[in-house]
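Colleague: I have a few questions about this protein. Please take me through the answers step by step.

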Amino acid sequence: MTNTNREWILAERPVGEPDTACFDLQETDVPTHGSGELLVRTRYLSVDPYMRGRMRDSKSYAEPWDVGDTLRGGIVGEVVESESDDYHEGDLVTGEGTWGDYSVLDTEEVVPVDPSVANPEAYLGVLGMPGRTAYFGLLEVGEPKPGDTVVVSGAAGAVGSVVGQIAKRNGCQVVGFAGSDEKTAWLTDDLGFDTAINYKTTDDYRAALEDAAPGGVDVYFDNVGGPITDAVFTKLNLDARVAVCGQIAHYNDEEPPTGPRKLPQLIAPRAKVQGLLVSDFSTRFGEANERISRWVASGELDHRETIVEGLENAPDAFLGLFEGDNIGKQVVRVSSPAGDDTR
């Protein structure tokens, strides 16, 4: 094992859309670990849209990073050294680590990775935080019923693609918005969505929804915000439920947008709009993990990961989220650092 660790830090706070100047790759010593901790070499690193909020100097549900802080996120890694009887050298685990070659993880906060269920990187997507977000966000907030029409924005992403499939399992008609013909074909041909709308080639979202969901919308799972959400709100049925999971269309806004006012459109349908944080369901993560793992292992739940090679390209992978580069979950495959022969 090498004594050198590479890790990304926040070099400066972005104004508007981030760029590579916000990141700096530094070399440090491999971190030390203590009792009940694991030294883990990162194999896969997750990049997620919510991380944009952590770059702001303002209070949010996720603690903001200070300039100079090492960036953090979900990882899948291999145990290199263990101070625990529960984990041993060579075990694969997942938890929150750093954007680096090595992380120290508390054994109380990691989950074993079972490659017999799915490829390891899936534990950052369908078998990780995004999958749990889809599970609880749809079933507990969206409350789908057989025969409901469910609309999902950002449907080809890590969360949205799982939402649509779970909705189909619950007997719903599912409409997804995504940003390319390749993505919409994946949604309908592979994941079983009834209709998929390419928002980049569609001029009139309301008209497209009228064609795709002529009976209106019962559940809207919102990952995006913006004009798509404006259009969906005009189609909400009586007692519709809206689960607000993300607003990636607005994450780089410096001032709040002043688009169409939506609240009057909630009165007649008596629609419920509820924000969603998966951490609110932390006491039930075991339930979600067990059910989703069973669906994935049996082939009932499909998934896809877009892999960017190399820790040095982690910022590009993150920035690519805002360009729609990924299909399914965007992850970084971290190569072994120079001098490390544990490939």
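Colleague: How far apart do the centres of the positive and negative side chains lie in the protein?
Modeller: Keep in mind that this is a predicted model. The protein carries 29 positive side chains and 59 negative ones.

Colleague: How many helices and strands does the secondary structure come to?
Modeller: The count covers the secondary structure of the protein. It gives eight helices and 15 strands.

Colleague: What is the radius of gyration, and why does the protein count as compact as a globular protein of that length?
Modeller: For 343 residues, the globule rule gives 20 Å. The protein's own value is close to that, so it is as compact as a globular protein of that length. Along the principal axes, its C-alpha atoms fill a box of roughly 60 × 45 × 35 Å. The radius of gyration is 20 Å.

Colleague: What share of the 343 residues is buried?
Modeller: A residue is buried when its relative accessible area is under 20%. Counted over the 343 residues of the protein, the buried share is 52%.

Colleague: Is E78 buried or exposed?
Modeller: E78 is part of strand β4, which runs over residues 72-82. Its relative accessibility is 14%, and the cut-off is under 20%, so E78 counts as buried.

Colleague: Which side chain does the side chain of E78 join in a polar contact?
Modeller: The contact links two side chains, one of them that of E78. Its length is 3.1 Å, and the partner is R43.

Key. Residues numbered from 1 in each chain as written. Predicted model: local features only at pLDDT ≥ 70, side-chain atom pairs only at ≥ 80, totals over all residues. Heavy atoms only, no water. Helix = DSSP H or I, 4+ residues; strand = E, 2+ residues; numbered from the N terminus. Buried < 20%, exposed > 50% of the residue type's maximum accessible area, 1.4 Å probe, protein only. Polar contact = N/O pair within 3.5 Å; in protein donor to acceptor, adjacent residues only side chain to side chain. Rg over C-alpha atoms; globule rule 2.2 N^0.38 Å. Lys, Arg positive; Asp, Glu negative; His and termini not counted. Charge placed at Lys NZ, Arg CZ, Asp CG, Glu CD.
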